[in-house]
Structure formats: C-alpha cells, structure tokens
Amino acid sequence: MTTTGTHGQGPFIAAIDQGTTSSRCIVFDRDGRIVSVDQKEHEQIFPKPGWVEHDAVEIWDNVQQVVAGAVEKAGITSADVKAIGITNQRETTLLWDKNTGEPVHNAIVWQDTRTDALCKELGRNVGQDRFRRETGLPLASYFSGPKVRWLLDNVEGLRERAEAGDILFGTMDSWVIWNLTGGTDGGVHVTDVTNASRTMLMNLRSLAWDERIAESMGIPVAVLPEIRSSAEVYGTAKGGALAGVPVASALGDQQAALFGQTCFSEGEAKSTYGTGTFMLMNTGDEPVNSYNGLLTTVGYRIGDEKPVYALEGSIAVTGSLVQWMRDQMGLIKSAAEIETLASSVEDNGGAYFVPAFSGLFAPYWRSDARGVIAGLTRYVTKAHIARAVLEATAWQTREITDAMTKDSGVELTALKVDGGMTSNNLLMQTLSDFLDAPVVRPMVAETTCLGAAYAAGLAVGFWPDTDALRANWRRAAEWTPRMDADTRDREYKSWLKAVERTMGWIEDEE
C-alpha cells in the first residue's frame with residue numbers, strides 16, 4: 001500500500017482520519033493519489049453493556065505518531081506539505097479542561113447507548129421529533145448533545161467548571177484541531193458545520209448554535225466551539241512532524257466521503273459499504289426535511305460559499321451479515337467466497353433474507369424487528385441463501401434511495417460507492433439492477449481521507465475549484481442496470497413483504 005517518493009517532488013496534502021477503531025494519516029499528491037499511509041489502532045473501552053468509550057489522550061498520541069509515520073514513509077518534510085485536512089468519526093463526544101488540556105472523562109463514542117433514557121426524557125410529551133425541525137435529527141442516543149448533558153450530570157463538579165468557562169466540548173475534529181494548533185498554548189477551539197450538524201445543538205438554517213435547544217438540554221453555551229466552514233484555514237500546526245503547516249479542513253467521515261466522491265451536484269449520492277452502510281445524497285443549498293426516516297445534515301460548506309445539504313440514511317447490517325455467514329453459520333470460509341457461492345445460482349430461489357439483527361434502521365427505525373429468512377422451500381440451497389444475503393444489501397439501499405427521492409423530489413442520477421464490500425462485483429451489478437441506476441467505484445478507495453484532503457487543498461488554493469476535483473476523480477469501474485422493470489418490481493414487492501415479517505417480533509417489555 002505504501003509507495004515512497006514515486007510521485008515526484010510534491011507539493012502534497014496530508015489528511016488525518018480519526019476513526020472509530022484507528023487513526024491514520026494519508027499523504028496525497030496533486031493528482032489525488034496516495035503517496036504514503038500510516039495507521040494505528042486504539043483501545044475500545046466497554047465499561048458496561050451498551051457503553052463504548054475511547055481514551056482521547058491515547059488517540060491524540062496516535063494521531064501524532066501516524067502523522068510522523070506518513071511523513072517519514074513519504075520521504076518528505078513539512079515544507080512539502082501545503083495543508084492538513086481532518087476527518088473524524090462523528091458524534092463521539094469529549095469534554096476537556098482548557099487550562100490543563102486534560103479530558104475530564106473518556107470520550108463517549110457514537111455507538112454508546114447510555115443516553116437512551118435521557119433522550120426519552122428530553123422528548124417530553126413531544127417525543128423523538130422535539131428538535132427535528134431546527135436540527136434535522138430525531139432525539140436519539142447517537143448524537144452528541146445528550147452525551148454532553150450526561151457528562152455534566154455524572155462527573156463530579158463538572159457543571160460548575162463548565163459554567164465558569166474552564167471546560168471545552170468537542171467532537172473528535174475539535175480535539176485534534178485544538179491539540180494540533182497548540183492546545184493549552186493558543187489552541188483553536190472550532191468545529192465545522194458537518195460535525196456541528198450532528199450534535200443536535202446547531203440550527204440547520206442559521207448554521208449557529210441554537211441557544212434555546214442548548215438550554216433545554218442543559219448545556220452551557222460557554223463549552224461549545226466556534227462553528228466554521230469545512231474548508232478554511234483554522235490555524236497552523238505547532239510542533240510535530242507538520243509544524244507550520246495550515247490546518248485547513250474538517251469534515252465528519254460520511255460527509256468527507258461525499259466530498260471525496262465529488263458529489264457536488266444535487267442528486268449525486270455516495271454509499272459507503274462497511275460493517276453497516278451510510279448513504280448520503282446531495283440535496284443542494286436547501287435543507288430538506290425528512291418524512292421518511294432519514295436525517296437532514298450539512299453535506300459540506302466551502303469557505304463563505306453557501307452550505308450544501310444532504311439527506312442521510314443508514315443501514316445497520318450489511319458487511320456484518322457476510323461476517324455472520326462466515327463466523328456464526330460457517331457457510332463460507334472467507335468473505336470473498338460469498339460472491340463465488342452466490343454466482344453459482346441464477347437467482348435467490350425464492351428466498352429473502354432481512355437482517356434486522358438489532359432492529360431496522362432507515363427508513364423504518366423499528367427496534368422491535370428481528371431478522372428473518374422468508375420464502376424457504378426445499379429447493380433452496382446455501383447458494384440461494386448467499387445470493388439472498390447480497391440482495392439484502394442492495395434492497396436496503398433501494399429503500400433508502402426511494403425515501404430520499406420521496407423527501408427531496410430529486411431522482412438519484414448515479415450512486416458512487418466505496419468501502420470494503422465494493423470489491424464484490426456481483427453485489428455491485430445487483431445494486432445497479434435494483435436501483436435502476438449506474439453504480440460507480442472510484443480508483444482511490446480511501447474516499448474519506450481524500451475528501452478531507454480535497455477540502456484542505458481548496459482552502460489553500462492547492463486545487464483551484466471543485467471542477468478541478470471532479471477532473472481529478474477517476475472511476476475504476478461502472479455497472480449499469482441489466483434487469484427488466486417487471487422482474488425488478490416483482491422482486492421488490494417480495495422483499496417488502498419479507499421486511500413486514502420482521503416487525504413486532506420483540507414484545508414491548510416495559
């Protein structure tokens with residue numbers, strides 16, 4: 001993966017990706033090609049079932065190491081790097097002391113569910129949609145705001161310190177930027193519009209903190225960072241391998257992938273196929289309210305240009321279903337084998353697999369659902385089940401694109417894909433068939449880092465404009481629909497029938 005110094009003399013852009021399981025730094029050249037990569041995992045801390053934490057000090061140490069490592073592997077110096085871009089796991093929440101730089105508690109990770117009861121309480125008589133009109137988000141344990149409130153309520157003496165102005169809140173972009181730009185010695189306390197739009201504290205239209213919501217959540221406005229665009233110079237790195245280099249972009253990871261996939265026009269969408277799947281569609285310069293179970297979020301904002309909004313849909317189980325077939329069922333020995341097995345039959349043999357292992361995410365949000373395999377007959381073999389497994393990912397994507405079209409009135413023009421599952425060609429063809437749209441995979445699979453690099457490069461004039469980025473983006477493969485409309489409609493109807501069978505499995509225990 002690492003090539004050293006093969007791309008001429010530079011200059012370069014460095015991107016830091018502070019992810020859920022690891023931090024990495026990638027150095028890109030002017031053609032958007034990878035020059036070097038360094039990566040380091042950090043510990044996942046599980047204090048109780050459903051709780052997930054990270055040690056923010058360990059993460060900052062790792063970030064410094066991977067930056068140094070990537071610079072060294074590239075055989076360059078900080079003088080060759082024109083800007084640093086940041087992308088990060090979204091919603092992960094940290095409070096730290098601005099005088100000592102010490103976190104007051106481990107970071108609470110986006111997956112953490114400890115704020116479930118608090119979210120119900122905050123919903124009062126209104127329920128999940130209490131702050132949705134202003135923020136685009138339902139009240140859920142996923143977002144940062146309730147996590148801040150939990151920390152203020154549960155760490156001894158913290159609320160007093162926060163109200164006195166000694167405590168800073170940030171998502172991981174803010175923590176990394178603050179430390180990069182000097183920490184206790186003049187560190188810049190900022191976040192960008194994409195990360196701010198995931199806190200449930202930012203008004204989507206004004207792009208400013210909503211003081212009324214902060215107050216109803218019990219969060220002192222003094223702790224909040226300044227909201228800036230996704231592509232501008234926030235400050236300069238002090239110390240470390242990139243001392244003196246401008247820190248010039250921040251984007252939450254899914255938005256960074258949207259940017260890295262150059263989805264700059266309305267109706268362009270990207271889908272990242274990992275353990276689960278995140279799909280974002282560019283909806284232009286107006287936020288679109290969702291009535292179909294999607295989130296309204298900021299896609300990106302370049303400097304003082306108008307913000308670009310997106311609709312986001314998430315699927316809980318995609319890649320993890322293939323892992324389940326391998327590890328729990330033993331039907332395949334490696335993830336790649338699912339394609340071979342599924343390709344050995346013409347179709348699904350009438351079987352449909354809805355992997356609602358932990359309920360259904362978008363567009364249903366049904367936590368009472370559990371997985372089903374429907375339509376079984378004695379004709380069905382494990383190859384048909386393998387086929388149904390791949391079709392599950394494609395149908396779930398189709399449901400989200402349908403919801404996006406209903407909400408926005410914008411038809412999907414093409415789907416750009418990234419993530420581990422995109423190496424499965426049968427899945428990519430199936431996606432194109434089910435969506436009735438072209439599916440495109442890029443040359444550089446690291447679209448999240450690429451997006452952060454692109455935004456930072458724009459901010460410092462390394463690339464002149466988004467047209468230059470489009471020209472830079474190269475496709476590796478494209479799939480076009482081959483399925484006739486009748487077959488598609490019939491199969492979709494059967495899939496939706498199978499989805500209905502998953503609902504109401506868990507009786508309400510409360």
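**Figure 1. Residues around the second largest cavity of the predicted model.** By class, 6 nonpolar, 2 polar and 2 charged residues make up the lining of the second largest cavity in this predicted model. The lining consists of Asp31, Gly32, Pro442, Met443, Val444, Leu450, Tyr454, Asn472, Trp473 and Arg474. The volume of this cavity is about 60 Å³. Gly32, one of the lining residues, also belongs to the turn of a hairpin, and that hairpin is the subject of the next view.

Figure 2. Strand β2 covers residues 22-28 and strand β3 covers residues 34-41. The two strands run antiparallel and are joined by 7 bridges. Arg24 has Gln39 in β3 as its bridge partner. Between the strands of the hairpin there are 5 residues. In this turn, Gly32 has a positive phi of about 75°.

**Figure 3. The largest cavity.** This cavity has a volume of about 120 Å³. Counting cavities of 30 Å³ or more gives 2. The largest cavity is lined by 16 residues, and those nearest its centre are Ile315, Leu360, Phe361, Ala362 and Gln396. The lining divides into 13 nonpolar, 2 polar and 1 charged. Helix α12 gives the most to this lining, with 3 residues. Ala362, one of the residues nearest the centre of the largest cavity, is joined to Pro363 by a cis peptide bond.

**Figure 4. The loop between β19 and β20.** Strand β19 covers residues 352-354 and strand β20 covers residues 372-374, with Pro363 in the loop between them. The peptide bond from Ala362 to Pro363 is cis, and its omega is near 0°. Trp365 is also placed in the loop between β19 and β20. Its phi is near 50°, a positive value in a residue other than glycine. Trp365 counts as partly exposed because its relative accessibility is 39%, which falls between the limits of 20% and 50%. Asp368 has its place in the loop between β19 and β20 too. Is Asp368 buried or exposed? Asp368 counts as buried because its relative accessibility is 19%, and buried means under 20%. Leaving out residues up to four places away in sequence, Asp368 touches Thr502, Met503, Gly504, Trp505 and Ile506.

**Figure 5. The largest nonpolar core.** This core has 59 residues. Which of them have the most contacts inside the core? They are Ile338, Leu412, Leu415, Leu431, Val439 and Trp495. Helix α12, residues 382-408, gives the most to this core, with 12 residues. Another core, of 40 residues, lies apart from it and has Val104, Leu118, Leu139 and Met202 among its members. In soluble globular proteins, nonpolar side chains tend to be buried together. A closer look at Ile338 shows contacts with Val322, Met325, Ile332, Ala386, Val389, Leu390 and Asn424, with residues up to four places away in sequence not counted.

**Figure 6. The second largest pocket.** The space in this pocket is about 290 Å³. It is lined by 17 residues, and the closest to its centre are Glu346, Asp347, Arg387, Glu391 and Met483. Helices α12, α13 (425-435) and α16 (485-502) are the elements that give two or more residues to the lining. Which element gives the most to the lining of the second largest pocket? It is α13, with 5 residues. By class, the lining of this pocket has 4 nonpolar, 6 polar and 7 charged residues.

**Figure 7. Lys406 in helix α12.** Lys406 lies in helix α12. Lys406 counts as exposed because its relative accessibility is 62%, and exposed means over 50%. Lys406 and Asn292 are 114 residues apart in sequence. In space, the distance between Lys406 and Asn292 is 7.6 Å, C-alpha to C-alpha.

**Figure 8. Arg124 between two helices.** Arg124 lies in the loop between α2 (116-123) and α3 (132-135). The phi of Arg124 is near 45°, which is a positive value in a residue other than glycine. At 59% relative accessibility, over the limit of 50%, Arg124 counts as exposed.

Note on methods
Residues numbered from 1 in each chain as written. Predicted model: local features only at pLDDT ≥ 70, side-chain atom pairs only at ≥ 80, totals over all residues. Heavy atoms only, no water. Pairing = 2+ DSSP bridges. Helix = DSSP H or I, 4+ residues; strand = E, 2+ residues; numbered from the N terminus. Core = buried A, V, L, I, M, F, W, Y, C linked by side-chain atoms within 4.5 Å. Buried < 20%, exposed > 50% of the residue type's maximum accessible area, 1.4 Å probe, protein only. Contact = heavy atoms within 4.5 Å. 1 Å grid on protein atoms, 1.4 Å probe; cavity = no way out; pocket = protein on both sides within 12 Å on 5 of 7 lines; lining within 4 Å. Points joined across faces, edges and corners; volume = space filled by probe spheres on them. Nonpolar A, V, L, I, M, F, W, Y, C, P; charged D, E, K, R; others polar.
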